[in-house]
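Student: Could you walk me through this one with some quick questions and answers? I'd like to look at it while we talk.

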Amino acid sequence: MSEIDFNEVDLNLLKVFEALHEEGGAGRAAIRLGLTQSAVSAALSRLRILYSDHLFERAGRGLRPTSKAEELRPLIVEALDKCRQSIARTTSPKE
C-alpha cells in the first residue's frame, strides 16, 4: 500500500463526499455544489481511489453509502465543520 501525500489531496473532494452522502445522488449533489453532474462523478472516482472503496453504490435512482462511507462520514463532517467555523470567525463582525 502506498502512502498518500496529504499535500497532494484535493480537499474539495470532502465537500463532494458530504454532498453525495446528504443528497443521495450525483445530480442533486451537483446542483448543491454548483458543479456539473460529470464533475461530481469525476470527483467520486477520485474519492474512490483515495479511500480504496466504492463509497457509494447505485440504489435505484440514487446512491447508497457503503459501510466505509458511513464510517468516514462523521470524520469528514467534523473536519468540514471546523473549516466552516474558522472561516466564520474571520468574517463575523468584531465586538
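Student: Is leucine 55 buried or exposed?
Tutor: This is a predicted model, where local features need pLDDT of at least 70 and side-chain atom pairs count only at pLDDT 80 or more, while totals for chains, interfaces and linings use all residues. Residues are numbered from 1 along each chain as its sequence is written, and side-chain values use heavy atoms, with hydrogens and water left out. Buried means under 20% relative accessible area, exposed over 50%, and partly exposed in between, using a 1.4 Å probe and protein chains only. Leucine 55 has a relative accessible area of 0%, so the word for leucine 55 is buried.

Student: What is phi of leucine 55 near?
Tutor: Phi is positive here, and the residue is something other than glycine. The value is near 65°.

Student: And serine 52, what is its relative accessible area?
Tutor: Serine 52 lies in the loop between helix 3 (37-51) and strand 1 (56-59), and its phi is also positive, near 50°. Serine 52 counts as exposed, because its relative accessible area is 66%.

Student: Over to glutamate 18: which residues does it touch, leaving out those up to four places away in sequence?
Tutor: Glutamate 18 sits in helix 1 (residues 12-23) and is buried, at 6%. Contact here means heavy atoms within 4.5 Å. By that rule, glutamate 18 touches Arg32, Val77, Leu80 and Arg84.

Student: How many salt bridges does the structure hold?
Tutor: Side chains of opposite charge can pair when their charged atoms come close. The cut-off for a salt bridge is a side-chain nitrogen of Lys or Arg within 4 Å of a carboxyl oxygen of Asp or Glu. On that count, the total is seven.

Student: What is the N to O distance between glutamate 18 and arginine 32?
Tutor: Arginine 32 counts as partly exposed, at 35%. Its side chain meets that of glutamate 18 in a salt bridge, with N to O at 3.8 Å. Since glutamate 18 is in helix 1 and arginine 32 in helix 2 (residues 26-33), the pair ties together parts whose separation in sequence is 14 residues. To answer you, the N to O distance is 3.8 Å.

Student: Glutamate 18 also pairs with arginine 84; how many residues apart are they?
Tutor: Their side chains meet in a salt bridge at 2.6 Å, N to O. Glutamate 18 is in helix 1 and arginine 84 in helix 4, so to speak distant parts of the chain, and their separation in residues is 66.

Student: At roughly what angle do the axes of helix 1 and helix 4 cross?
Tutor: Axes are lines fitted to C-alpha atoms, for helices over the stretch in contact, and angles run from 0 to 180 degrees between N-to-C directions. The axes of helix 1 and helix 4 (residues 67-91) come within 10 Å, and they cross at roughly 120°.

Student: What word describes how helix 2 lies to helix 3?
Tutor: The axes of helix 2 and helix 3 come within 8 Å and cross at roughly 105°. Angles under 35 degrees count as roughly parallel, over 145 as roughly antiparallel, 65 to 115 as roughly perpendicular and the rest as oblique. That makes helix 2, relative to helix 3, roughly perpendicular.

Notes:
Helix = DSSP H or I, 4+ residues; strand = E, 2+ residues; numbered from the N terminus.
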